[in-house]
Amino acid sequence: MLFENTREFAKKMDARDPLASYRSEFQFPKVNDKEVIYFTGNSLGLLPKAAKKYVDDVMKDWGEMAVEGHFYAEKPWWDYHERFSKPLSKIVGALPSEVTVMNTLTVNLHMLMVSFYNPTPQRFKIICEEKAFPSDQYMLQTQVKFHGLDPKDAIVEVKRREGEHNLRNEDIIAKINEVGDLLALVLIGGINYYTGQVLDMKAITEAGHKVGAYVGWDLAHAAGNIELSLHEWNADFAAWCSYKYMNAGPGSVSGCFIHEKHHNNKEMKRFGGWYGHNKQRRFLMEPEYDPNEGALGWQSSCTGVLAMAPYLASVEMFDAIGMKAISEKRDLITAYLEFVIKEIATEIGGNFEVITPENKKERGSQLSVLLHGEGRKLFDYLMKEGVIVDWREPAVIRMAPVPLYTRYEDMYEFGQILKKGILSLQ
Ligand SMILES: Cc1ncc(COP(=O)(O)O)c(C=O)c1O
Ligand SMILES: Nc1c(O)cccc1C(=O)C[C@H](N)C(=O)O
């Protein structure tokens, strides 16, 4: 499609946008009395107005029913999490039995490591990406130490090539083959948080399995952003947070996926708790642990209903729209944002570089822009003018237009603010 950096063009695109009406279902913060241009849905999604009702419903039931709400609330609390299995499985490309919601992301990765990382002297190495999100690095280091191993021996990072911003899938696969029989686990972010690069999850999963390792994915930046096929790709496990593209609110509950091929593996270790115990007999208070079928058998604590309520509101919205429509708009708006940035760079000689891969199969919503020169001052200018982006050291601004609430006109407007900012800082 031929884009134009004009307000008329942006308005025309907005008028044609099949998802345009969803914008009014979100609450926008204001700066200088104006709704912000919000590009940080990759960090914390905006509040869906429906979330308030879902939370209020739980509060009302709690007030009016107290303990009886576990079983008699309109949406009973004791199996509230099961409402996610079907819609969420469609979002991540899984069977309903492979998906559940519980805990938070790093905690879920730790829980899943109990099942998928049991090192032996022959097979103990983990492959991850260089500069993974710090929480993942800390999780891996502490897991390895928990097993009495030295992270320097056990953790193998795949590096970027000299002078390149992105990982190469072929380098990850080559490293998997090189580590070979020593490899216990591959655990990588499906989308890199810093660059927005989407990895070839299918090929990497296949390569890991070929050498006999498990393969898991941190999908914090992928769930609700790109189309996933976790079941078909044969991933062993995955986990994601719900507060980014999935708009479930700060620190809300994490989702996780465990491939059905592991569901009946009685040898597989797991950390149990009563909500993972056979649902029909949970309240018999039996002494022996008998896990639920499927991913529900990895639960441990009772359902954090208040945290889940906004997630349910959001998941239902995603379910009504479908990832296909979301992805179609995402590709267009991301391309338009990149176009606007490049137009401004050409017009006034801005010294910046989009480091996110250009190929739309290798990117989701996020564009990471490396600012050479006065980066931080430009970031501060944008924030003051009501463009909410985020800053990542040493000089990257990340921005993610979000199909559910970003307008083309926002991106045009952003371009004008960017231009003014650069000119005023020169
Ligand atoms: C890739 C990645 N992994 C892990 C986390 C940590 O998630 P949490 O704090 O919810 O455990 C985040 C975001 O904060 C992330 O972006
Ligand atoms: N969860 C966050 C928080 O509690 C404070 C600040 C940032 C976050 C984030 O989620 C950051 C996000 N994972 C990132 O990609 O940078």
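This is a predicted model: local features need pLDDT of at least 70, side-chain atom pairs count only at pLDDT 80 or more; totals for chains, interfaces and linings use all residues.
Local features require pLDDT of at least 70 and side-chain atom pairs pLDDT 80 or more, while totals for chains, interfaces and linings use all residues. Residues are numbered from 1 along each chain as its sequence is written, ligands are numbered from 1 in the order in which they are written, and side-chain values use heavy atoms, without hydrogens and water.

An unreviewed UniProt entry gives "binding site" for Leu 105, Thr 106, Phe 133, Pro 134, Ser 135, Asp 136, Asp 218, His 221, Tyr 243 and Trp 274. These positions extend over 170 residues of sequence and are also spread in space, with up to 31.5 Å between C-alpha atoms. UniProt annotations may be inferred rather than shown by experiment; the positions follow the numbering used here, and feature names are shortened.

The shell around ligand 1 (residues with a heavy atom within 4 Å of it) consists of Leu 105, Thr 106, Phe 133, Ser 135, Asp 136, Asp 218, Ala 220, His 221, Tyr 243 and Lys 244. Helices H5 and H6 (134-146) each contribute at least two residues to this shell; helices are DSSP runs of at least four residues and strands of at least two, numbered from the N terminus. Polar side-chain atoms lie 2.5 Å from a ligand oxygen in Thr 106 and 2.9 Å from a ligand oxygen in His 221. An N or O atom in the side chain of Tyr 243 is 2.7 Å from an oxygen atom of ligand 1.

Leu 105 belongs to helix H5 (residues 105-116). Its relative accessibility is 11%, so Leu 105 counts as buried (under 20% relative accessible area; exposed is over 50% and partly exposed in between, with a 1.4 Å probe and protein chains only). Beyond its neighbours within four places in sequence, Leu 105 is in contact (heavy atoms within 4.5 Å) with residues including Asp 218, Ala 220 and Trp 240.

Tyr 243 is in the loop between strand E11 (237-240) and strand E12 (254-258), and Lys 244 lies in the loop between E11 and E12. Tyr 243 is partly exposed because its relative accessibility is 24%, whereas Lys 244, at 9%, counts as buried. The unreviewed UniProt entry assigns "modified residue: N6-(pyridoxal phosphate)lysine" to Lys 244. Among the residues that Lys 244 touches, apart from those up to four places away in sequence, are Ser 43, Ala 220 and His 221. The side chain of Lys 244 also reaches the backbone oxygen of Asn 42 at 3.5 Å.

Notes:
A polar contact is a pair of N or O atoms within 3.5 Å; within protein, one must be able to donate a hydrogen and the other to accept it, and residues adjacent in sequence count only if both atoms are side-chain atoms.
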